[in-house]
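Here are a few notes on helix packing and on the chain contact, for comparison with your own reading of the coordinates.

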Amino acid sequence: MSGASARPGQPGEDATPPEPLLRELEALAARYPTRRGGLLLMLHRLQEWRGWIAPADMRRCGTLTGISAAEVFSVVSFYTMFRTRPGARFPIGICRNIACFVQGSEHVTRALSEKLGCEPGGMTADGRFSLQEVECLGSCGSGPCLEIDSRYFENVDAGKAGRIVDALARSDGDATDAIEHAAKAAR
Amino acid sequence: MANYLSLEFARSGPMLLAEARGKGRWATAERVLKTMKPEQVVDEVKNAGLRGRGGAWFPAGIKWSFMPKEPKGPSYLVINADEGEPGTFKDRQIMEKDPHLLLEGIAIACFAMRAETCFVYVRGEYLSSLVALETAIAECEQAGLLGDDALGTGRRVRVLAHRGAGAYICGEETALLNSLEGRRGEPRAKPPFPAVYGAFGRPTTVNNVETIANVPFILERGVPWFRSMGTQGAPGNILYGVSGAVENPGIYEGPLGMSARDVIEKFAGGVKAGKKMRAFIPGGASTGFLPPGKLDVVMDPDALKKEGTMLGTGGIVVIPEEVELLDALRVLSRFFRHETCGQCAPCREGAAWSDQIVGRFQRGEGSGDDFALLNDIMRGSKQRTICVFPEAFAGPLGSALVHFKGDFERNIGPASPVAPQGATSRG
Amino acid sequence: MAELSIDGRKVEVPAGTNVIEAARKLAIDVPYYCYHPALAPVGSCRMCQVEIVDPGKPPRVVIACKTEASQGLNVSTTGKDCVAARAATLEFLLANHPLDCPICDKAGECDLQNFSYKHGHGVGRFTEPKRQLQKHELIGDHILLDQERCILCTRCVRFMGEYAKAPQLVVAGRGDRNVIATFPGERMHSNYEGNLADICPVGALTLKEFRFKSRVWDLDSEESVCTLCDRNCSVTLDTKRNRLLRARPRQNAKVNGWFMCDVGRFGLLDHCNPSGREEGGFLKGARVAPAEAANALAEALLADRGRWLVVLSPRLNCEEILLARAVLGPLARALVHVPVAAEGGDAILFTGRRAANQRALELLGIEPVSAEDLARVAVEAATAGVLSFDSVALATLLGKAKLKRAALVDVWRRADPGTAADAAAPLGVEFFVPGTLFTEKAGSFVNCDSRLQRAARVQRPPQGILGEAGLLQELARRSGDAHAGDGVDPTARVLAALGQEPLTLLQLPEEGLDVAPAAPVVAAGEARLA
């Protein structure tokens with residue numbers, strides 16, 4: 001899968017979580033009255049590490065929480081934020097809900113779509129960016145709102161969105177650092 | 001009347017513990033835990049008439065009184081910070097700017113309900129809120145405000161921040177509990193109610209962030225002070241959200257009972273660029289659309305009920321004239337279709353079907369028969385499912401049909417052929 | 001107990017009974033999909049809506065599956081609000097349903113079809129493009145999933161978790177993207193999969209083995225039991241043109257509840273439609289007519305009276321065992337059986353003891369012997385030969401001892417060379433008389449918990465095969481036994497022998513009869529071998 005290699009430094013599909021992460025997963029399961037309570041946080045952690053949730057991650061969570069892998073899959077598939085396929089290095093989400101819509105989020109989406117050369121729901125050929133319209137991010141007072149890996153970019157217009165993408169397109173280091181850098185650049 | 005909830009909202013990051021204590025945070029909790037009895041706290045909150053700010057406006061003190069007085073085993077407080085109602089962004093301000101206010105309220109509420117553990121369910125997208133909250137919790141544990149010997153009282157108050165993963169329905173309290181337990185966020189059939197069988201099968205109360213943020217002030221300043229604000233039936237201040245096409249969108253604290261017009265004009269500077277308003281949403285997406293002629297409605301749960309809508313979360317969204325109502329409606333119908341959990345047939349199918357029909361009107365392909373059909377979809381699903389999600393998707397749809405029927409009528413297309421899709425000429 | 005009123009009729013049920021079951025007692029059908037008496041209710045399909053009528057208040061529409069009967073509750077299943085609510089639910093469920101009944105195996109026993117006639121609109125208003133999803137995908141060893149037909153009642157999900165203890169089937173997705181699914185790329189495995197096709201109220205889960213085999217209305221259905229282990233699950237056997245096409249569990253609270261295992265369900269198909277079945281008799285390796293083989297065997301038994309060792313089989317029904325006891329008992333040196341041990345059973349229904357009527361052998365006093373003892377006695381001078389009604393037992397014996405004379409009466413299939421049964425091939429024994437399947441004769445079986453049930457005759461044996469009873473009656477005639485032809489119902493005779501009221505086969509209750517003896521069983525004759 002081309003997307004899997006799109007995030008340099010991100011572990012591959014078959015990689016095993018490092019020891020500290022495994023200990024963290026165990027601690028999360030132990031934190032709740034039932035081990036299953038830790039499931040959502042465990043999945044978040046695994047997704048942060050691998051970039052997506054692989055079948056092996058679901059099996060591991062099943063073992064750690066005492067439920068079947070299929071039940072973990074059922075939970076994963078319910079929540080919008082969990083990805084079961086490798087994603088782009090910078091997954092861009094644009095709020096399409098009412099407050100952002102009224103403030104012109106569609107224009108931002110269209111501008112980004114043209115700039116990146118990919119339709120909403122798609123990924124750029126180099127796997128660096130993906131573009132997705134998302135539902136309300138709770139940033140209604142500062143819309144349109146754009147989100148990259150849970151980092152919000154607020155009061156975005158086509159120009160600002162373009163500057164964010166430019167900054168990210170130049171970055172080669174750690175994705176989180178790059179996103180923070182882009183946030184500064186866009187101001 | 002003086003504001004109290006939003007005093008720290010102008011800062012750029014969370015107020016840390018040292019500064020927060022300087023501003024009086026935690027002093028009330030300390031006094032309450034050391035000098036009061038749990039039932040006295042419940043009575044204060046009951047007498048204050050504090051109602052739940054999550055959208056249902058159920059009296060908080062009465063909710064608290066359902067919890068067992070002599071619990072056999074753990075009881076839980078769960079904070080609903082799954083702020084997902086489009087047009088709503090207030091709880092985020094509290095968590096990101098003044099997390100100790102929430103934590104202080106939690107400590108008092110846990111004490112009042114004899115709960116030793118509180119889970120704060122933060123919506124997955126609110127990473128900043130989660131980080132601010134986790135930092136504040138760590139500070140409190142370090143300082144002995146929370147933990148096994150909270151505030152030196154020998155009582156245990158543990159606060160655990162939990163993270164959702166993107167599902168509007170988890171704002172429904174029993175869906176939230178399932179999600180907290182690591183399950184799909186599907187609402188539970190009631191009874192049993194959470195106070196009997198809640199999180200992890202234990203007695204549980206679920207409260208909204210803003211509701212709990214009011215609690216320290218009620219106990220600090222007293223019932224008469226709280227009742228001096230707001231309305232008879234709904235005292236206190238509320239965090240109004242104003243978004244959409246207004247000059248100054250944002251969160252504004254004001255007493256319950258203001259008119260929507262005042263909130264929009266006095267707080268948010270009126271419609272953006274002096275444009276005309278097509279419609280406004282009074283309290284979040286599920287409360288539906290009202291025409292500008294209704295701007296003088298009073299932002300009070302009972303008053304808006306009489307208008308056939310709800311106060312909801314108090315998140316006002318202004319739709320300008322340049323936006324077609326059907327386009328705005330489609331945004332919401334698509335949203336509700338995306339967010340129904342899908343367990344109950346009428347809601348799963350009704351949300352999807354009505355979205356498809358709205359889509360046809362949006363494209364100018366509506367049909368005269370669709371009015372009856374849309375009403376039947378709402379009638380066949382409202383009050384016919386495990387939770388009130390059909391009421392939520394029927395909010396914008398039903399109100400649009402009542403107040404903006406002309407927009408639909410203008411978009412009835414040429415009579416479509418009788419044969420539905422799929423029919424081909426291969427005979 | 002609580003007395004409630006449904007549609008103006010009063011009924012008394014244990015407090016806490018749900019309204020669906022209370023209505024069932026009055027023969028009032030409340031339609032439902034997600035509810036199943038054997039599973040925890042979820043209340044999500046919304047088909048079972050009824051009204052609660054309180055004086056002076058508008059009727060309240062509730063779901064019957066989650067409404068408990070309470071004293072004085074007044075329920076209406078015909079009020080206009082609940083009738084409208086059910087019709088609305090059906091319209092929702094049918095909106096995206098493919099309506100491919102003409103090619104659906106479920107047609108004829110489909111609740112979506114049935115309720116649509118009874119509670120639906122008759123006209124669809126859904127003109128949007130229908131959802132397109134995965135069709136007929138094999139998701140287990142036997143089950144095909146059609147996601148488009150699915151109405152997401154989640155009975156299958158709950159069945160796999162709650163009953164089969166194998167939570168491998170789940171709801172994946174959210175909202176109208178919800179589908180039933182297994183873990184990506186994996187199939188489910190369970191010994192209880194087949195039940196999914198029964199509990200699925202629509203044609204979403206169907207059996208690979210029954211796919212396009214028959215329209216259900218063309219099947220002949222009879223009540224029977226499964227004989228693949230000694231649980232004897234109550235079943236309905238569906239045949240067409242003398243072939244068994246489907247075995248389904250029949251509800252029996254005393255035996256199997258609502259379900260049956262796959263060993264039985266699919267094993268029966270193989271068992272009752274044996275390929276390569278030997279339909280002829282054999283005498284010293286030469287093929288003869290079955291009757292000729294039976295006659296020769298009868299002569300040999302009578303010629304060496306008191307010197308043949310007879311091994312009965314738990315595959316025989318009670319009537320055959322009793323007849324064998326009466327006819328062969330006085331003729332044989334001993335009448336024995338080799339108890340079969342449990343192997344690979346589970347904690348649900350499958351006992352792993354592939355000996356359907358072993359308990360009857362015990363209760364009717366047939367002497368149990370170990371394979372070792374049998375081998376020892378079989379070669380003693382006092383033993384002229386061994387007649388076995390069980391090819392497995394005979395094969396085991398032949399592996400342990402060199403017999404003087406051997407006779408086999410059983411169903412034998414040439415199709416499985418190398419199996420234990422193959423070792424007792426007709427060519428290797430002096431006498432082979434072809435036996436009958438349990439479905440080729442009416443009779444009764446006693447399960448591991450001493451419950452006697454009826455097994456109907458649903459198939460005709462191949463031309464010329466007289467079966468076990470044919471041989472035994474011939475022997476009775478020749479030895480002048482009064483048993484033959486006295487007109488007493490064979491089942492009544494079995495029940496009398498078990499100390500029970502002598503009901504005939506047709507008089508047996510549907511749930512069967514507990515025939516556990518008041519006192520421990522003592523072998524009818526003296527123990528001659530042990």
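Two residues are taken to be in contact if their C-beta atoms, placed from the backbone, lie within 7 Å. The model is a predicted one.

1. In chain A, Met58(A), Arg59(A), Cys61(A) and Gly62(A) of H3(A) meet Ala69(A), Glu71(A), Val72(A), Phe73(A) and Val76(A) of H4(A). Sorted by class, this contact comprises six nonpolar, one polar and two charged residues.

2. As to geometry, H3 of chain A spans residues 55–65 and H4 of chain A residues 69–78; their axes lie 8 Å apart, at an angle of about 115 degrees. H3(A) is therefore roughly perpendicular to H4(A), given that angles of 65 to 115 degrees fall in that class. The crossing of the pair is right-handed.

3. In chain B, helix H2 (residues 27–35) and helix H6 (residues 99–113) have axes that come within 9 Å and cross at roughly 15 degrees. H2(B) is therefore roughly parallel to H6(B). The crossing of H2(B) and H6(B) is left-handed.

4. On the H2(B) side, the contact with H6(B) is made by Thr28(B), Ala29(B), Val32(B) and Leu33(B); H6(B) supplies Glu104(B), Ala107(B), Ile108(B) and Phe111(B). By class these are six nonpolar, one polar and one charged.

5. Between the chains, 35 residues of chain A contact 46 residues of chain B. On the chain A side, the elements giving two or more residues are H2 (39–50), H4 and H5 (98–102). This side of chain A has 16 nonpolar, 14 polar and five charged residues.

Terms used. Residues numbered from 1 in each chain as written. Chains lettered and ligands numbered in written order. Predicted model: local features only at pLDDT ≥ 70, side-chain atom pairs only at ≥ 80, totals over all residues. Axes fitted to C-alpha atoms, helices over the stretch in contact; angles between N-to-C directions. Helix = DSSP H or I, 4+ residues; strand = E, 2+ residues; numbered from the N terminus. Parallel < 35°, antiparallel > 145°, perpendicular 65-115°, else oblique. Left-handed = near helix turned anticlockwise from the far one by under 90°. Nonpolar A, V, L, I, M, F, W, Y, C, P; charged D, E, K, R; others polar.
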